[in-house]
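Open the model in your viewer and keep the sequence panel beside it. Each stop below says what to select and what is there.

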Amino acid sequence: MSADELRLDLEELRRLEGLATRPRVLSLLANEIRSVDAKLAPRTAPVPAPQAVGAAAPAGVSYVTLGSFSWDQDNEKIRVYVFLENVDQEKVETTFKPMSVDIKFHDVKGKNYRCAIPKLNKKIVPEKCKVVVKPTKIVVTLWKASTGTWFDLHYKEDKLKPSVDKDKDPMSGIMDLMKDMYMDGDENMKRTIGQAMMDARSGKTANPMRGLP
């Protein structure tokens, strides 16, 4: 599966995580998010950036990828919330480019963390973007190059190419997850997931999660 398809799956899973309320469903979604994020991490190449701010880490430093975060927006800016404690503002390295964001948190309880969006949905203004460290979270403010609403943080192609992996069905893991969610969900969740699974099996949609609210 391509990196773009993995990013799309990750976005769908995070959207479902925001809708779910039952503990078992939240746990299943969290596990699937970690699994997809682990597959995506090796495919995200670090990009040197002229807009880097903060002390650069020495060569050979390893990072734990932060794949789960929340975000909101207004007409002019995006706010990304990364939930990580004990972060030192002086040990945050930020790289803002017109179409990408790369933030590194050094020496957090002996570990280094990284939160990156390799290709944003739309352009930002790097010189206006900033990172503010709070006691229990980090707030990343991205200023939009043009006002308006973003429907996703990640860039998405207009048309998705079908997977060419003939050895393994890329949707099998998601279909299994949806079955578990169906068993534990309420009546509305069961009705929505059931319809999405039927559409996927009948060929009406290639991605069973695309029909979910």
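**Start at a strand pair**

Select Val64 and look across to strand 6: Tyr113 stands opposite. This is a predicted model. Now show strand 1 and strand 6 (residues 111–117) together. The two run parallel, and two bridges join them.

You now have an open sheet of four strands, in the order 1-6-5-4, with mixed pairing. Its edges are strand 1 (64–65) and strand 4 (92–97), each of which pairs on one side only.

**A loop residue**

Select Lys109. You are in the loop between strand 5 (100–108) and strand 6. Is Lys109 buried or exposed? Its relative accessibility is 70%, so Lys109 counts as exposed; the cut-off for exposed is over 50%. Glu85 and Lys109 are 24 residues apart along the chain, and their C-alpha atoms are separated by 9.2 Å.

**The largest nonpolar core**

Select Val80, Leu84, Val87, Phe105, Ile138, Val140 and Leu142. These touch the most other members of the largest nonpolar core, which has 26 residues. Strands 3 (77–82), 4, 5, 6, 7 (130–133) and 8 each supply at least two residues of this core. Which strand gives the most? Strand 5 does, with four residues.

Zoom in on Phe105. Leaving aside residues up to four places away in sequence, Phe105 touches Leu66, Leu84, Val87, Lys91, Val92, Lys111, Asn112, Tyr113, Cys115 and Ile138.

Another core lies apart from the largest one. This other core has 16 residues, including Leu10, Val25, Leu177 and Ile193.

**Helix 2**

Val25 is one of the buried residues here; the others are Leu28, Leu29, Ala30, Glu32, Ile33, Val36, Asp37 and Leu40. Now check the helix span. Helix 2 (residues 23–40) has 18 residues, so at 1.5 Å a residue it should span 26 Å. Its end C-alpha atoms are 26 Å apart, which agrees.

**Colour by confidence**

Finish by colouring on pLDDT. The mean for the protein is 78, and 72% of its residues reach 70 or more. Then select residues 159–164. Here pLDDT is below 50, and the stretch has six contacts in the model beyond near neighbours in sequence.

Key: Residues are numbered from 1 along each chain as its sequence is written. This is a predicted model: local features need pLDDT of at least 70, side-chain atom pairs count only at pLDDT 80 or more; totals for chains, interfaces and linings use all residues. Side-chain values use heavy atoms; hydrogens and water are left out. The expected span of a helix is 1.5 Å times one less than its number of residues. Buried means under 20% relative accessible area, exposed over 50%, partly exposed in between (1.4 Å probe, protein chains only). pLDDT is the predictor's confidence in each residue, from 0 to 100. Contact means heavy atoms within 4.5 Å. Two strands pair if DSSP finds at least two bridges between them. A nonpolar core is a set of buried Ala, Val, Leu, Ile, Met, Phe, Trp, Tyr and Cys residues joined through side-chain atoms within 4.5 Å.
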